[in-house]
Every structure is written in C-alpha cells, then in structure tokens.
Amino acid sequence: MFARSLCALALVVPAVVYADVEAPAEAEQNVSFPYVLKITTTNNFHDLLEKNLDLARWQRERRVTREQLERLLDSVAESVSGLLATEGYFSPVVSAKLDETVQPAVVSLDVKAGEPSRVRDIDVNYMGAIDEDEVRVQRLFERREQTWSLPVGSIFKQSAWNDSKRRALSALLNRRYPAAKMVRSEASVDPQALTVDLSIDLDSGPAYTYGPLEVSGLSRFTEKLIRNNVEFHEGEEYRRKDLVDLQTDLQNLPHFSLVLVDVDLPTDPPFIAPVKVTVQESPLSKISTGLGYSTNTGVRGSFNYRYLNLMDRAWVFDSSLRLEQKEQALSAGVTFPRFTSGYEHRVYASYTREDIQSLAIDKWKTGVSRSITSENIDRLIRLEYQIERSELNDGTVFDPQSLTAKYQWVRRNVDRLRNPRSGNVITLEGAGQLKGFYLMKPSHSFTGAVCNIFRLAKKACLLAA
C-alpha cells in the first residue's frame, strides 16, 4: 500500500513541477505587444497600404502578441505585392524591420514600387448569334474605343480592368442580347517587358424580341393605366432602356407603391421574351394635416386630401385647405393619367384671400394643362383664367380678370436624368395675357368663392374634354 502511494506521488510531482515551469512561457506568449508602423513608399502608395494592410490595421489592436506580429511581418511582402498589382506594379521591392529598442516597438516598412506595367494589346472576341450581325459588331468595336477604360499604352489598373469588362458585357446586355455572358477574361502580365495583354471572350447568346405584356397585382385599376405608359411594341427588339423607362414611369405614378418590370428569357427558339409587370397598389385615399405658426400671417393649419380613383377611371383628385389668421386658401384639381398619345392632362381651380395692412385681396384661378415627357424633352401647354378682387380700407374696389396662355419647352442633355452630374438644361418659355376678359362676377364671401371654384372647375373640365 505504501509502495503504491509512493509511486503515485512520484508521478504527480514531476507534472506539477513541469506545469510551474511552463506557465510563465505560455503567459509570456499571450502578452500584448504594442507597435507603431512607419511606411516609406514611392509613387504615393502610402494611403493604399495604410488602409488595406493587416499590419497597419492591427497596430491599433491592443491584443496583438509578438507571435502574431511575426506572422504579419512574414506575410507583409506578399500582401504589398498583391495590393500594388492592382495598380499595375508587379515587381515591388519590400522590406520590413522591427525595432524593439523603443517603446512601443517600431515596424519600418519600406516599399519600392518600381516601374508600372502598361497595356500592350486588347483582344475582345464575340461569339453567339451576334456573329451574324456584322454591323452591330462593328459598332461595338467603335464604341469600345470610346468607352474602354484601359486604352493601349495606359497603366494597368485592376479597377479600370473590371470596369472595362463590365462595359463590354453591358453593351451586349443592353440591346438584343439580354442573356449575354462573359466566357473568359485574362490579363497576361510580362514582368520583364512591363506589359499587360488583355483578352475577353463574350457569348452574346440568342437575339430576343419582345413578347406579350403580362400584368399582375392590379385589383382597383385597369391594365389601361399601365399599357398607356408602354412605348415599345410586341415583336420589337429587346432594349433594357425600354424596361427601365417603363418601370420609372410607373413608379412615378401615385397609384403604385411598388413596380417591378422584367422579362422571361426562353432558352429555346423562338426567342420571344414576354414582358412581366408586377405592381403593388397604393391606398386610394391619403389625408395629411398640419399646424404651424408664421411671423407674418400668424397661426396656420392645413388639410390635404387625395383620391386616386375618381369616377373609377384612375383620375387623381387632390385638394388642400390652408387657414391662417391673415390668409386663407382652397384648391382642388384633377389629373388625368397618361393617354396612349403620351400626353397627360390636368384641370385645377383655387381661391386665396389675404387681409394684410388694410388691403383685402381675393384671387380665383382655374386652368387646364397638357404636358408630355419624351426621352430628354418636356413640353407643357397651360391655359389659365384668373379673377382678382382688391378692396382698400376706403372702400375702393378693383376687380381685374385675365386669360393667360403659357408654353414651356425643356431640353435636358445630362449624363443621368436622376441625380445628374454633368450636362446642360435649356428652358424656353412663352406666355401671353388677354385682359378685360369677363366670365363671372367675383364674390367676396367664402361661400361664394367656393361656388366660383366649382363653376370654374366645371368650365376647365369642359375645356379639357
């Protein structure tokens, strides 16, 4: 019994001693090792390395150990080479040194980028149905010379290479070939000659034409509301821009809260792509109110109401009422959805009363407008009739009336219709006024003003019809 205990003790004691000896070494490996990175580089690559190197990011990490730092130093040359390769420098000279004589330790990273590699040759190959369209292929080559981000002789950059590939593929996807794909892309680097040869193989796939229009998601409105906004026809060649424009036009209608326009691409002939429009309808009625204060007109309150399906024809009725201490306003209007001709019509009427500094002014307006928006040109024609009644504190009354016609033409030559960054906008306007044109006698009571509004609106609706 005693012998067994002695043997067990003999086995335990060395283990305890071993644990006591090894613990300090393990603890030492887990001790934080702070350091500061100093980068010296040519060609202004300091920011690129500072933002992307793990060695730079980890210097702010307090839990980095010496062992982890050594692993970072061992791999830093490879990391730097990978980063500079994206900028066209494929043979950098990288050295890293660790100075532990100061606290915190200093890691000195010296990078000599060398000479950049330049594009020597560009080879874009097309295959698929586009082989039968020589005119289109020629246009694609001409367009590539204008839009290619990496022309021959330029310094190779990975971002520009990616952009060039995207543009080359998009040129096919945008028109006739929505199933196009990139089969192969290669950037062949010659470090000795400092050149890069670029090559791309693009498969256009079949040429597609539009099929029938299929609409889903409608419950309150008829398909006519959507079909009147379609500017392409069944059997025409596919163009992505047509679908984008249709989705934008439908999304801008107040009738829909969500619009998706897409096509089905059959893999077998005939290659006819049905156009699918999926919509989510907005609530028919919308009410908004407001309360505020203005230093010149006092306390104010507002009430707005909109209805999207007047007469069950998707006509949009909107009205507003604004009451202030010194000014009151009432307006109403009806917007007719776009016709097949592309024109949109609107009729409106309004009344405003102001009583400021002993001058009371009543204004009645009614009008009808006709507008159309094409690819980059907007046109507007508006006819408006206005009655004004001004009364001074001495009882003097003025009640002029006028009929005004206005024409507006706007041309937008911008890079993007939404959030443009460059381009120009030209606006031409012309207007004329006929005074002494009397349709009705102005009323200075609010009830009479409301009646006048409805009379004027009725006349405007008859004019619009």
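A: Start with one rule: two strands pair if DSSP finds at least two bridges between them. Strands themselves are DSSP runs of E with at least two residues, helices are runs of H or I with at least four, and both are numbered from the N terminus. This is a predicted model, where local features need pLDDT of at least 70, side-chain atom pairs count only at pLDDT 80 or more, and totals for chains, interfaces and linings use all residues. Residues are numbered from 1 along each chain as its sequence is written, and side-chain values use heavy atoms, leaving out hydrogens and water.

Q: In what sense do β12 and β13 pair, and over how many bridges?
A: Strands of a sheet pair through backbone hydrogen bonds, either parallel or antiparallel. Here β12 and β13 (residues 327-336) are antiparallel, with eight bridges. They form a hairpin, and two residues sit between them. Look at D318: opposite it in β13 stands G333.

Q: What is the bridge partner of R306?
A: The partner is D318, in β12.

Q: Which residue takes a positive phi in the hairpin of β11 and β12?
A: First, the general idea. Most residues other than glycine have a negative phi, and most peptide bonds are trans. In this hairpin, with four residues between the strands, M311 takes a positive phi near 60°. M311 is not a glycine. Find it in the loop between β11 (298-310) and β12 (315-324). D312 also lies in the loop between β11 and β12. Its phi is positive, about 55°, although D312 is not a glycine.

Q: In what order do the three strands β7, β8 and β9 form an open sheet?
A: The order is β7-β9-β8, and the pairing is mixed. β7 and β8 each have a single partner strand, so they stand at the edges, with one side of each left without a neighbour in the sheet. The twist averages 15° from one strand to the next. For such angles, axes are lines fitted to C-alpha atoms (for helices, over the stretch in contact), and angles run from 0 to 180 degrees between N-to-C directions. β8 and β9 pair in the antiparallel sense over seven bridges. V259 faces V279, which is in β9. α8 packs on this sheet, touching β7, β8 and β9; its direction makes about 165° with that of β8. Touching, or contact, means heavy atoms within 4.5 Å.

Q: Which residues touch the most other members in the largest nonpolar core?
A: In soluble globular proteins, nonpolar side chains tend to be buried together. A nonpolar core is a set of buried Ala, Val, Leu, Ile, Met, Phe, Trp, Tyr and Cys residues joined through side-chain atoms within 4.5 Å. The largest one has 25 residues, and L243, L250, F256, V275 and V277 touch the most other members. At least two residues of this core come from each of β7 (209-216), α7 (224-227), α8 (240-251), β8 and β9. Leaving out residues up to four places away in sequence, L243 touches Y210, F232, Y238, V261, V263 and V275.

Q: Which side chain makes a polar contact with the side chain of D201?
A: A polar contact is a pair of N or O atoms within 3.5 Å; within protein, one must be able to donate a hydrogen and the other to accept it, and residues adjacent in sequence count only if both atoms are side-chain atoms. For D201 the partner is the side chain of N125, at 2.9 Å. D201 is in strand β6 and counts as buried, at 13% relative accessibility.

Q: What does the side chain of D203 reach?
A: It reaches the backbone nitrogen of G205, at 3.1 Å. D203 is in strand β6 (residues 195-203).

Methods: Buried < 20%, exposed > 50% of the residue type's maximum accessible area, 1.4 Å probe, protein only.
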